[in-house]
Amino acid sequence: MRLNPLTAKKLNRFRHIKRGYYSFLAILFLTVLSAFAEMLINSRALVVHYEGEYYFPTYGEFVPGDTFGLGYSYETNYRDLSERFKTEDSGNWLLMPLVPYDPFENNEYGGIFKPTPPSFSDRHLLGTDTTGRDIVARLFYGLRIALLFSMAFLVLTYVIGIAIGCLMGYFGGLVDLVGQRLIEIWSNMPFLYVVIIVFSVVPSTLSNVSRILILLTIMVAFSWMGMTYYMRTGAYKEKARDYVAAVEALGGGPVRIIFRHIIPNTLATIVTFMPFTIVGAITAVTALDYLGFGLPPPTPSLGELLKQGTDNLTTAPWIVASSFFALVFLLTLVAFVGEAIREAFDPKKFTVYQ
Amino acid sequence: MKTLYSLATLVVPLFVFFGCSSKSDESSKEQDAELQVKVESLKAEVEDYYRTKVALPIEVQDQLENGEVTQEEIDQRTAAGEFPKFFQFKNLENLPTGLAWEDGSDLPEIGSPKATKGGTSYGTIQDFPRTLRTIGPDSNGSFRTLLLDDVAVLIAHRHPNIDEIGPNGFRYIAGLAKEWAIDKASQTVYIRIDPKARWSDGEPITSDDFLFKFFFMHSSYIKAPWYNNFYNRFFSGITKYDDLTFSVKLSVDKPNFATYVLEDIPIPEHFYGELGDDFPERYQWRFAPTTGAYALKDEDIRKGESLTFTRLEDWWAKDKRNFRYRYNYDKRHIRVVRDVAKSFEMFKKGELDAASLTLAEYWYDKLPNNDPLVEKGLVSKAIFYNQRPRPPYAMWINRDKPLLNDRNIRLGIQYASNWQLVIDKYFRGDYQRLNHTAIGYGPFTHPGIKAREFSVDKALEHFAKAGFKERGPDGILVNDAGAKLSVSLTTGYTTLKDALTIIKEEAAKAGLEFRLQIMDNTAGFKLAMEKQHEIHFMAWGYGAEMYPRYWETFHSVNAYNPDGSIKTQTNNLNSMNISELDDLIDAYRASTDSSEMIKMAHNMEEIIHNDASVVPAFQIPFYRIGYWRWRQYPDDFNLMISESSSEFALSWMDVEEKRRTLRALRSDETFEKSIKVYDQYKN
């Protein structure tokens, strides 16, 4: 792929803004890492060597306890199995991930499900939450869901926002006038109430995935409007340029003009907004979870953890501390990236007025 | 220019103000006139109702409801004089002689003579009430307890410490009644009102308020069909002998029939003069006169924020036995605090007098025995074991839904729900496993039925019988058609979310997936009332009645409409539709004999257990609270059937002690540590 020299120059500038660039690398690293979360934080073993055979239970189907002679047909408890192998000392062994817990299982602490303070010996690095679930696991998987969710949110809102914004800007006139009024009306719908109302009528028989998709749809449906304003002005501006007239003269239709010529020239605007949209999406889904209208339980989520944390502020401060710092860390990284992009893509850097 | 403008702005609002006021003067006169007409027409309507209303026997009511007879036929039969008049007016000479009058004065008094009056109690509610009415739309919220249930003086009260069942049911103590007499043969209760009894606005309470109650409860104005039905079905007439003497006749002969009359309150006729179709709106924010000790003044209602009740200085029952040592605070301040965690912190700062510690995490972690406040003796902790019908915390399986209509699946769910684990490890062994839904009714409670234990093998066995034999890649069972064994589990109890996530994780071991949905209280209850749930987790609040009710929760008339569609807005959350059970419930409702009813109750309990559509979860045999040392309780703390520490209003406040305690909070002064267990009623 050959980059436009201007774009290459901008990217180069971005690379030289150290804070933003390293933040970007950190996010990239986290994203890649989270793709392999199952290998790092999981209650399933990475490798089991049992009676001369190797098992790799991390991905794919669950392995029932019967396989390892545990006498039950449900998922093997690998931590127990590990203990057993150690005591039996019959040449069987297994390797657990770094954090040997998954985000759903409840762990006892002194025979009780309750928050446990961080402990290295239990390998609960950040402690556990109110039902004894490992916080590292819940944070990390929660983070992954938040990232995926916000990416999907970004793509959808931008596709809709850019398409409608460009249409209004390009065609102008009545399309613009009517479109703008409709958007103004739509923007005044109170988003939170709509979420609450919709979720009260969504049948509970739906699976969790479809409920997450419904949440995504509602959030997208009420968030694409912001982008239309920028794209509309962008399209208005570009439409008046000579090169657009030239394409028109050569017989290019509106679709070609919008997608091949106008949008690439407004890319700077789009790219600059992206990180802030991600911040917005993560904050929104966290806030909804905090209020109990977000992802269905027991889906791991930052907001739910934050809620638990504030409810147990005095008795289990590690819950609020870890969720708070994780959220601040993530949002700061994204904001740094956003700042750097804005600076790198700032058109004023390339023009000298005297 | 600027001055001109500001002058203009000054003038305009004034003008509008004057314009408005003169206009509203006129319209208020018009309104007054209109109101007068309304009041007069209501009076006429009430009188007409008293003259014409007849009491239909239950069979005839049933026939009418089922469409076997028409209203015209009933009207004709009424005109022919077939049915007795509902409202009858007689003289004292007509009062039967030889009645055994009683007033409960032979029973021990409740309340502590140590109690002193004064001070303000501080408490919270989670939501500002949607109305101050105690009847009609939106009135059935938790605030009603503060307006009515815990405060109002009834005709007579069940003695809260005595559970012996006499020939006329439980033992009673006099409230509004000076004395009463029960005539079992004619199912009539005769009442003499305490001549001192007054409404909180000073009007005397008379027989007319009781007559009016029936007009009120029968009328469609109040928009409360349950009450309409109840007061029509169970009562067959009221007779006024004089202003302070009346009798009420019941149409059912139950061992506890007197309860229906004795545990009731009148309705202030003088207050509801404007009753009409707009009743819900018109009376939305009016505090109705009460028989109780606390009244609410308009200026003490701060919408969305707080309400303050004031004790009536000259309350009519202030020297009455059983009431004189209760209702001790001068004011009761109720603040809206939506967040439970926040209100607990407020309690720890001393802004609230007491906090519930019933949940294990509060008792053990948030206010542990070694908390500085407890160590210094500033805050006391108490456990009180009560004895009353237990709210049945249970998973109610909707038999109408696919999968769940299969008994084997339901049995599998029973064995896959590990409530014992939740009780042992989440509630820390303090709660008890609920065995069935009618616990706490003495001999009526089936002694033998045990909830099914958690057993992966048994669950798998039953699921296999229903076609779910193989586990899918995630460990959840699938059937031959490839469908997953997955059902939704909903609740409106956000505080019990953790318990349900444990249930979900455990059920996965038995190859069952619960899809959790935790909603807020209102949304959860609405879902269940519309019967959209598959499995709903909740408990019913049961009054301290003599025997359990089955009709509401288990009779098929509350499950399906005659056309076969699901009947919504009823308590039959299981869509229970078993003809054998229906017959028993009908017989149980009609039965007049306790021992027969006990047999039937046990029989019904076995059928319900067998059907496996209720997964009993847990019961709480106590309540626990933490309270500041200025709050005082009687030596035995509270009464046997009390549901919360405030229900019978026995506590009082030591004003001097509050000052001392608040001073000690800032100094090193300590008091004796106090953690008390009241297990005198523990079984």
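The legends below accompany several views of chain B in a predicted model.

**View 1. Helices and strands of chain B.** Chain B contains 20 helices together with 26 strands. The globule rule gives 26 Å for 683 residues, and the radius of gyration of chain B, at 28 Å, is close to that value, so chain B is as compact as a globular protein of that length. The C-alpha trace spans about 80 × 80 × 75 Å along its principal axes.

**View 2. Interior and contacts of chain B.** Buried residues make up 56% of the 683 residues in chain B. Contacts between residues at least 6 apart in sequence may also be examined here: 72% of them join residues at least 24 apart.

View 3. Chain B has an accessible surface of about 29900 Å². Carbon and sulfur atoms account for 50% of this surface.

**View 4. Confidence along chain B.** The average pLDDT of chain B is 90, and 96% of the residues score at least 70. Confidence is highest in helix α12 (residues 407-416) of chain B, with a mean of 97. Helix α1 (residues 2-52) of chain B has the lowest confidence, with a mean of 65.

View 5. Over residues 1-23 of chain B, pLDDT stays under 50. For residues 1-23 of chain B, the model has one contact beyond four places in sequence.

Conventions
Residues are numbered from 1 along each chain as its sequence is written. Chains are lettered from A and ligands numbered from 1 in the order in which they are written. This is a predicted model: local features need pLDDT of at least 70, side-chain atom pairs count only at pLDDT 80 or more; totals for chains, interfaces and linings use all residues. Side-chain values use heavy atoms; hydrogens and water are left out. Helices (H or I, at least four residues) and strands (E, at least two) are DSSP runs, numbered from the N terminus. The radius of gyration is taken over C-alpha atoms; the globule rule is 2.2 Å times the number of residues to the power 0.38. Buried means under 20% relative accessible area, exposed over 50%, partly exposed in between (1.4 Å probe, protein chains only). Contact means heavy atoms within 4.5 Å. Accessible areas come from the Shrake-Rupley method with a 1.4 Å probe; for residues, only the protein chains shown count as cover. pLDDT is the predictor's confidence in each residue, from 0 to 100.
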